[in-house]
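Could you take me on a walk through this structure in my viewer? I would like to know what to select at each stop and what I will find there.

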Amino acid sequence: MAVILGFALLFASISLATSPNSTTPTSTVSGSTQTSSNGAFVTSMELSVEDLWDMYVGPVSTFSINTTVEATLVPSSSLIPPPTLYYPPFPTGQQIALQSKNESWKFPKDFWYGVASAAYQVEGAVKDEGRGPSIWDVLTHRVTNFVAHNDTGDIADNHYYMYKQDIARIAAMGIKAYSFSISWSRILPFGSGEVNEEALKHYDDLIDTCLQYNVIPMVTLYHWDMPLFLQNTYGGWLSDRIIDDFTEYARIVFTRWSSKVSHWFTLNEPIVFCNFYPLPANTFKATSIPPKQQPFVCGHNALLAHASAYHVGKSLNSSLTISFKNNGGYKIPLTDSAADREATQRAYDFNEGWFANPLFLTGDYPTSMQPFLSTFLPPFTAAQKAALNGSADIFAHDAYTSSFYSAPTDGGIPACTANASHPLYPACYNTTSVYATGWNIGPAADPAAAWLNWATDWVPAFLRHVQATWKPRGGIAVSEFGFAEPFEALKSRPEDVAFDPVRAAYYRAYLEGVLMAVGEGVRVVGCLAWSIFDNLEWSSGYTVKFGVQYVNLTTQERFYKASFFEYVNMFNTYQET
Ligand code: NOJ
């Protein structure tokens, strides 16, 4: 096999074939040795998935359970709820069987509540059954200290093999919906081209298992795990070639499962994955796009890819609910000054509005973004605007917390927007979790999740804001919310980890906020707790825990946490039957 360094692939055209001696998909880069017009050396090579792993990732760890495990009955002993966690100002708890309830609150009958996960964070089995590598296999294996303790997703929660039991366990708790993501590079090991049948069969069974347990499957197409081959070939989201490749991937997935899965999310948190750019230097294909522009080039392509996938899905089954998952939280001006109020609006524009305005309002970016974006992005064409506008059936929002916003202190917003080298340029706002009085907005989460405070007081205002601003026709879903219990990773006895009072109280208070908003006429259609269990928290590795179940990463045993009981208790108490 002729081997050339990856980035020479730039100048070659790629076709996909199956090598005669194996069922492993290979990618052939065609063209004989020659010199292209710009003088680059071009040759031909054949790459197998195995080659990709060898060249870019190296050896990966595996777990002893590496075939699909059948579910066993969830023992009733593990379904005993914890003692009451909420302490009203009169005696209750174990002695008095009393569930306090506000009789004027209710979740509508069709409100769905579930738990969520994402492929790379939970599946493990990264090289199994034909999966091609994604950028996260490289980031975890090849970029030292990119992830805390250099943790990897090689094994994670071994959910790839243990999903049957995992679904049985959430069903036993009464959970109605399970939101998971599909690994693009399992379905298409090179990101495009030949389809990996084993992966399709795997997700067939995952979806069928949900249905068998009466759990509604909800599928995310892209949760940050860009197929490595696409990143190395053309820069992933930095190239408009991603639009067609994502659309074709979406077409394969929608075609296979649109009759079984009704709720779909195209992209998970594009604000976050676009802000991953620039990716670590010397790791993937180099780009000449200036670092400050890269997130917005990514965003542009992500918006068009979303809209294109949306229309493919709807053309196959018009009854599907398709959206993307936005993220952010309630934004409060630090002071009542006009400058802080303007900074707060800019924060909405450069976060939620970046994706929500094109899809829910105008087919275009917020006006405050345009002076910067118009210097390097082509304007959306009329056809693109038409495709974007309206291409989200619900407003799915991952909303964990709230923060304060203020204008830059050195000359305010005008001085910042006029100075491209200002550190806050182009968004030009400051943010903090601390009130002007010096008090935190609410208790802090684990120190390794410094972005997160328990700030549920603001949930009703936030939901009202989303409804009033973007007017989603199908309502709002809180598609992720959750809390990193402080210092949980330091605990090792399951009974210690399982008792998580701060997370439990967070879920209770958050859902009370949702109930208040519903009572005020905000249309909230569902919510998903993050996460089904502890998992690889991206660059924080396994040091930060978001699960409503604890996972012993050595034995892969699962334990329900108290917060899980508190979470379902809220629906047992308040959902209309
Ligand atoms: C949002 C992301 O979608 C998820 O992957 C992450 O683990 C949680 N937030 C917690 O940070």
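Start by selecting helix 8 and helix 10: in this predicted model, helix 8 crosses helix 10 in a right-handed sense. Helix 8 spans residues 241-257 and helix 10 spans residues 294-316; their axes lie 9 Å apart at an angle of about 30°. An angle under 35 degrees counts as roughly parallel, so helix 8 runs roughly parallel to helix 10.

Now show the side chains where the two meet. On helix 8, pick out Ile242, Ile243, Phe246, Thr247, Ala250, Arg251, Phe254 and Thr255; on helix 10, their partners are Asn301, Leu304, Ala305, Ser308, Ala309, Val312, Gly313 and Leu316. Colour this contact by class and you will get ten nonpolar, five polar and one charged residues.

Next, move to helix 1 (residues 49-56) and helix 3 (residues 135-142), which pack at an angle of about 30° with axes 10 Å apart. That angle makes helix 1 roughly parallel to helix 3, and their crossing is right-handed. Select Trp53, Asp54, Met55 and Tyr56 of helix 1, which meet Asp137, Val138 and Arg142 of helix 3. By class, this contact has four nonpolar, no polar and three charged residues.

Last stop: the ligand. The residues surrounding the ligand include Gln121, His223, Trp224, Asn268, Glu269 and Phe546.

How values were computed:
Residues are numbered from 1 along each chain as its sequence is written. This is a predicted model: local features need pLDDT of at least 70, side-chain atom pairs count only at pLDDT 80 or more; totals for chains, interfaces and linings use all residues. Side-chain values use heavy atoms; hydrogens and water are left out. Axes are lines fitted to C-alpha atoms, for helices over the stretch in contact, and angles run from 0 to 180 degrees between N-to-C directions. Helices (H or I, at least four residues) and strands (E, at least two) are DSSP runs, numbered from the N terminus. Angles under 35 degrees count as roughly parallel, over 145 as roughly antiparallel, 65 to 115 as roughly perpendicular and the rest as oblique. A crossing is left-handed if the near helix is turned anticlockwise from the far one by less than a right angle, and right-handed if clockwise. Contact means heavy atoms within 4.5 Å. Ala, Val, Leu, Ile, Met, Phe, Trp, Tyr, Cys and Pro count as nonpolar, Asp, Glu, Lys and Arg as charged, and the others, Gly among them, as polar. A residue is near a molecule or strand if one of its heavy atoms lies within 4 Å of it.
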